[in-house]
Amino acid sequence: MDFNGRNGALEITEIDPFLAELLRQIPASTNPESVPAAEGRLFSAPAGPAETELCAEWKVYVEPELRRLFQGSTETVASDLQQLGDNEKPFDNCTLRIPREHSDAWLNALNQARLALAAKYDFTEAELCDHYRSPIGSRRDLSLFQVNFYGFLQEFILREMECGDV
């Protein structure tokens, strides 16, 4: 897999089918799926439980806007990912082009996916920091790989935004 920032876009080329499938899973991974820990992580209260008025106002005024922001970002990413669905040869590598103006949406959706997966599978700090863990032997192991892969993508997008190439 190669990354290039050019012509106002981030291009990821030579994406193998396994990683392309993980990319396709970003929109679904952003959904907390009625997992209270994931829901709580994505929509955490601004204060402790003793601050009932502040938390109630947050739930009424801020949380709906956060949900709209998260949904809009996820829709943008899902739209960009349609490029990967047109691969007529399922075992060929493919290319993804992310327009610069979609960078923030990608960072947002990748962060949502990472937070939701980490909460859903209750990953420890040690697990999240173990970048050499292998092999993938369960759905939980695959989800940990996803969290790390999505973090890698966030890092690359941020680096390209910083350089101004994207």
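Colleague: Which residues of helix 5 meet which residues of helix 7?
Modeller: From helix 5 come Ser103, Asp104, Trp106, Leu107, Leu110, Asn111, Ala113, Arg114, Leu117 and Ala118. They meet Ser143, Gln146, Val147, Tyr150, Gly151, Leu153, Gln154, Ile157, Leu158 and Met161 in helix 7. Contact means heavy atoms within 4.5 Å. Helices (H or I, at least four residues) and strands (E, at least two) are DSSP runs, numbered from the N terminus. This is a predicted model: local features need pLDDT of at least 70, side-chain atom pairs count only at pLDDT 80 or more, and totals for chains, interfaces and linings use all residues. Residues are numbered from 1 along each chain as its sequence is written, and side-chain values use heavy atoms, with hydrogens and water left out.

Colleague: Why is helix 5 called roughly antiparallel to helix 7?
Modeller: Helix 5 (residues 103-120) and helix 7 (residues 139-163) pack at about 155 degrees, with axes 9 Å apart. Under 35 degrees counts as roughly parallel, over 145 as roughly antiparallel, 65 to 115 as roughly perpendicular, and the rest as oblique. So helix 5 is roughly antiparallel to helix 7.

Colleague: What makes Tyr150 stand out?
Modeller: Tyr150 is among the residues with the most contacts inside the largest nonpolar core. Leaving aside neighbours within four places in sequence, Tyr150 is in contact with Leu22, Gln25, Ile26, Ser29, Leu110, Ala113, Arg114 and Leu117.

Colleague: What makes a set of residues a nonpolar core?
Modeller: Its members are buried Ala, Val, Leu, Ile, Met, Phe, Trp, Tyr and Cys residues, joined through side-chain atoms within 4.5 Å. Apart from it lies another core, of seven residues, among them Val35, Leu42, Phe70 and Ala116.

Colleague: How do you know whether Asn7 is buried or exposed?
Modeller: Its relative accessible area is 69%. Buried is under 20%, exposed over 50%, and partly exposed in between (1.4 Å probe, protein chains only). Therefore Asn7 is exposed. It sits in the loop between strand 1 (2-6) and strand 2 (9-15).

Colleague: Where is Asp122?
Modeller: In the loop between helix 5 and helix 6 (125-129). Asp122 has a positive phi of about 50 degrees, although it is not a glycine. At 60% relative accessibility, Asp122 counts as exposed.

Key. Axes fitted to C-alpha atoms, helices over the stretch in contact; angles between N-to-C directions.
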